Amino acid sequence: MTEYPTSAPSPSPPGGTAGSKPLKAESITPPGYPDPKIAHGWLHTARFLTTAPQLEHLPVLDLPEIAFVGRSNAGKSTCINTLTQQKRLAFASKTPGRTQSINLFTLGKQGVHDAVLADLPGYGYAAVPREAKLRWQRVMGNYLMTRPNLKAVVLLCDPRLGLTELDEILLEVIRPRVEQGLKFLVLLTKADKLSRAEATKALSIARLQCGGGEARLFSALKKQGLDEVAQLLWHWSHEPQAEPGVAAAESECEDEPPAQD
């Protein structure tokens, strides 16, 4: 059996159980990250923009877009609703996998939009006809590879199952864009169902598997990881963009040979 490395958990009574105090994610403190209240207030401004069954139905936007993806029943809708503090912003179908459209939500205060959340349908549900699965896989793959304003991808995963084959395929699809700067986060949902030791191990494994990305524990029930994820999404959406002219000038300076006396 393969032994995965685990990080040392915080001191706690031996024999942690699923009902023990949840493992806290590492605090995000670098410059440029907002106070959690600011991040939560920003996410609370989320409003429905449009739904698109095909890529050609998506509006052309120049706002940073953050896509939420994951298997059916991974807790995607619950996560979005919890982060935005809205009970029914992201609709969870009674039949997982049946809803196959991309839903967009704008973010921004006082009517000034500064980012977009994209809720992509869950994948991997067995009851969906094979033809529908293949069609949606093509749509989602094309979206992740070609959406110009896509800034980040949040992959939701049930840590009790780990990253599945479909999750790993998705990681391969976005890997070229991650290498080019696309932000990426594996969010381990339903963390409240894990003991401290299980949570530590699941997080260590996820960090090994999400090459180029980040991993966080999250529980909508226990409100675990809310501050860290809210801050991270705000930071990704408000990172300063280098102006083309400035970037070109810097590149020319770098390529210019040193002056000779």
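**Salt bridges and the sheet: a quick tour**

Arg 175 and Glu 172 form a salt bridge, with their closest N and O atoms 2.9 Å apart. Keep in mind that this is a predicted model. Both residues sit in helix α4, residues 165-179. They are 3 residues apart, about one turn of the helix. Arg 175 is partly exposed, at 30% relative accessibility. Glu 172 is partly exposed too, at 49%.

The structure holds 7. Let's move to Glu 239.

Glu 239 meets Lys 151 in a salt bridge, 3.3 Å from N to O. Lys 151 lies in strand β5, and Glu 239 in the loop between α6 and α7, so the pair ties together parts 88 residues apart in sequence. Is Lys 151 buried or exposed? It counts as buried, because its relative accessibility is 16% and the cut-off is under 20%. Glu 239, at 22%, counts as partly exposed.

Glu 239 also meets Lys 183, at 3.9 Å from N to O. Lys 183 lies in strand β6, so this pair links parts 56 residues apart in sequence. Shared partners join Lys 151, Lys 183 and Glu 239 into one network.

Now the sheet. It is open, with 7 strands in the order β1-β3-β4-β2-β5-β6-β7, and the pairing is mixed. The edge strands are β1 and β7. The twist averages 25° from one strand to the next.

Strands β5 and β6 pair in the parallel sense, over 6 bridges. There, Leu 155 has Val 186 of β6 as its bridge partner. Helix α6 packs on the sheet, touching β2, β4, β5, β6 and β7. Its direction makes about 165° with that of β6.

Key. Residues numbered from 1 in each chain as written. Predicted model: local features only at pLDDT ≥ 70, side-chain atom pairs only at ≥ 80, totals over all residues. Heavy atoms only, no water. Pairing = 2+ DSSP bridges. Helix = DSSP H or I, 4+ residues; strand = E, 2+ residues; numbered from the N terminus. Axes fitted to C-alpha atoms, helices over the stretch in contact; angles between N-to-C directions. Contact = heavy atoms within 4.5 Å. Salt bridge = Lys/Arg side-chain N within 4 Å of Asp/Glu carboxyl O. Buried < 20%, exposed > 50% of the residue type's maximum accessible area, 1.4 Å probe, protein only.
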